[in-house]
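The sequence and structure come first.

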Amino acid sequence: MTDSALTIEHVRKDRGKTTVLDDVSLRVAPGERVALLGHNGAGKSTLIKTILGLTPLTDGQIRIGDAKPGSAVARRTTAYLPEAVSFHPALTGREQLQLFARLDGQKADITGLLDRVGLGDAMDRRIGAYSKGMRQRLGLAQVLLGNPKVALLDEPTSGLDPISRQDLYAIIDELAANGTAVLIASHALTEVEAQTDRIAILRKGIKVADDTLENLSAQAGLPTKLRIRASGDHADEVAEATGGTRINCASVEILCTPDRKMEALRRVAAMGEVITDIEMTPPRLEDLYRHYAKEGAQ
Amino acid sequence: MTRFLAIASTEMLILRRNRWLLMATVIMLLFALALTFAGSAPTGSVGVDMLTVSVTSMTTLSVYLAPLLALMISFDAIAGEAERGSLSLLLSYPAGRGEILLGKFAAHLAALAFAMTVGFGAAGAIAAWFGGAGAESLTALARLIGTSILLGAVFLALGYLVSALSRSATAAAGLSAGLWLVFVVLYDLGLLGAVVMDGSGTFTRSIFPWLMVANPADAFRVWNISASDGVAMASGMVGAAQTLPAWAAPLSLALWPLLAFALARAAFKRVEP
């Protein structure tokens, strides 16, 4: 018995001569929300498909609880939301969800689930008349079927408006609170920042980061950006005194590492009247992502 | 079993919902009725009842129409799902691939059988009402309906095969059209050319009949024509079929659905959505 709901160990996947996934290991505990980030083609969707058993592995192994990917037990306990999913346009939302419930072999409260994802009014309309966001919600409704142990969501927020995204993350939190291990592959960095427990970053099939946001920030040592607005034509003077760069006639930008931040602020404050405004931007997930995904730092 | 039924009933719902079932039935009915009335002229001169003549005409029709209708339903079965992105989702559920394919097959075949039975049955009933029917011509009608369904089954499965091999639904549609052309038109033309070249040599006498019956569409024709003297007389096509043993055409038509389905299943197994 393992304590993680999803265990990925040294997974390698070759497609022809290219290696799509190279020695990727990842664990997701029950109730944990992990974000899987990476460029297009970094291997996120491939990794999810190997977990589902849809794509055979070249090397390594994956276990869902104690089951192998693609086994009957694994399929019953795994929920999946494909990227930009669509369904047969002739069926209604209720009929489509009924099919999934019957395939899952469980009795389900179809109406309740569709209400939960906000499709209560549209459940008896044909999917052909649904918007992209509504199809995505229907996809989410089938994720909630039968209390999954592992939920794999591929770009779950694509096509959703901001309110729907909030709803989606509320549902994901609820899933996690019920003990489901959630793996979210996403591009929407700002949301992932607030809504996940851990972040894993894939670059060209290699896992380059896997930790909490705070730890990743500390490890990366990314600079905080200070933007100082100087009064009159003192910008050059300020730039010289602080060692920053002038970016327009009135503003100066200083980049400083976390441990030098206070020192720089004190120096700026000491300059008195010359300074009219300071704007401070700590490193964001986007910078962090760029750092790990592009620079190749481990 | 519940999974098989879930897939089959959903597919049936789709066929009803997008009016495919209605369309296919109307097409079969219209063509069968038109042929029955248009073909009723030679009844007196050949000396068979009107139903026999009608069955003969409908046999010729079914060779073209049954494969076409079958391919029209089935080409989308896998490629369409893959294109919509719902195939990977479907395969992430506990249903096996064989179960999914069999569920779709059952629903599609039921729809096809319904269209065939209503179309040919209604035309046959009208022919019998106006021009009389005997035990033999009724058997011929029943055989026509049964073999048309078998022929449809072959091309449903072949449609799944090209659907599994194609990257998109459009490609699958193109391949299906090609498949239809080869089996229904070009194969016969090729054989005809070979027979003309060979004259009455060994090819024409011993190889040609077997090659003919190896094609499900021709096996369908041979079975319907050779099994009934009346139909054979009315169609004026007695020649080649008589050199074959009686079991050859039924065997070919019975084996083809199994073979085609096995091929489709094997191709589907290799699909990585």
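Asn147(A) is placed in the loop between helix H5 (132-143) and strand S6 (150-154) of chain A. The model is predicted. Phi of Asn147(A) is near 35 degrees, a positive value in a residue other than glycine. Most residues other than glycine have a negative phi. With a relative accessible area of 67%, Asn147(A) is exposed.

His10(A) also has a positive phi, near 45 degrees, and is likewise not a glycine. Its place is in strand S1 (residues 6-15) of chain A. The relative accessible area of His10(A) is 49%, so this residue counts as partly exposed.

Arg97(B) lies over the face of Phe268(B), at 5.5 Å from the ring centre.

**Aromatic pairs**

Over all chains, the structure holds nine aromatic pairs. A pair of aromatic rings is described by the distance of the centres and the angle of the planes. Two of the pairs are listed here.

| Pair | Centre to centre | Angle between planes | Type |
|---|---|---|---|
| Phe87(A) and Phe100(A) | 6.0 Å | 70 degrees | edge-to-face |
| Phe183(B) and Trp256(B) | 5.7 Å | 90 degrees | edge-to-face |

Which parts of chain A does the pair of Phe87(A) and Phe100(A) tie together? Phe87(A) lies in the loop between strand S5 (78-81) and helix H3 (93-104), while Phe100(A) belongs to helix H3, so the pair links parts 13 residues apart in sequence. Phe87(A) is buried, at a relative accessible area of 2%. Phe100(A) is also buried, with 2% relative accessibility. Together with Tyr93(B), Phe87(A) and Phe100(A) form one aromatic cluster.

In chain B, Phe183(B) sits in helix H9 (residues 169-198) and Trp256(B) in helix H13 (residues 248-269), so this pair ties together parts that are 73 residues apart in sequence. Phe183(B) and Trp256(B) are both buried.

**Contact between the chains**

How many residues does each chain bring to the contact? Chain B gives 26 residues and chain A gives 29 residues. The size of an interface is often given as the accessible area lost when the parts come together. Between chain B and chain A about 2600 Å² is buried, and carbon and sulfur atoms give 59% of this area. On the side of chain B, Arg17(B), Arg84(B) and Tyr93(B) lose the most area to chain A, together 27% of what that side buries. Tyr93(B) is also the chain B member of the aromatic cluster with Phe87(A) and Phe100(A).

Two salt bridges are counted between chain B and chain A. The side chains of Arg15(A) and Glu272(B) meet in a salt bridge, at 3.7 Å from N to O.

**Helix H11 of chain A**

Which residues of helix H11 (residues 285-294) of chain A are buried? They are Leu285(A), Leu288(A), Tyr289(A), His291(A), Tyr292(A) and Ala293(A). An α-helix has 3.6 residues a turn, so residues three or four places apart point the same way. The cover over the buried residues of H11(A) includes strand S3 (33-37), helix H7 (189-195), strand S8 (198-203), strand S9 (206-211) and helix H8 (213-220) of chain A.

Notes. Residues numbered from 1 in each chain as written. Chains lettered and ligands numbered in written order. Predicted model: local features only at pLDDT ≥ 70, side-chain atom pairs only at ≥ 80, totals over all residues. Heavy atoms only, no water. Phe/Tyr/Trp six-rings, centres within 6.5 Å; stacked < 30°, edge-to-face > 60°. Helix = DSSP H or I, 4+ residues; strand = E, 2+ residues; numbered from the N terminus. Buried < 20%, exposed > 50% of the residue type's maximum accessible area, 1.4 Å probe, protein only. Lys NZ or Arg CZ within 6 Å of the ring centre and 35° of its normal. Contact = heavy atoms within 4.5 Å. Buried area = accessible area lost by both parts, 1.4 Å probe. Salt bridge = Lys/Arg side-chain N within 4 Å of Asp/Glu carboxyl O.
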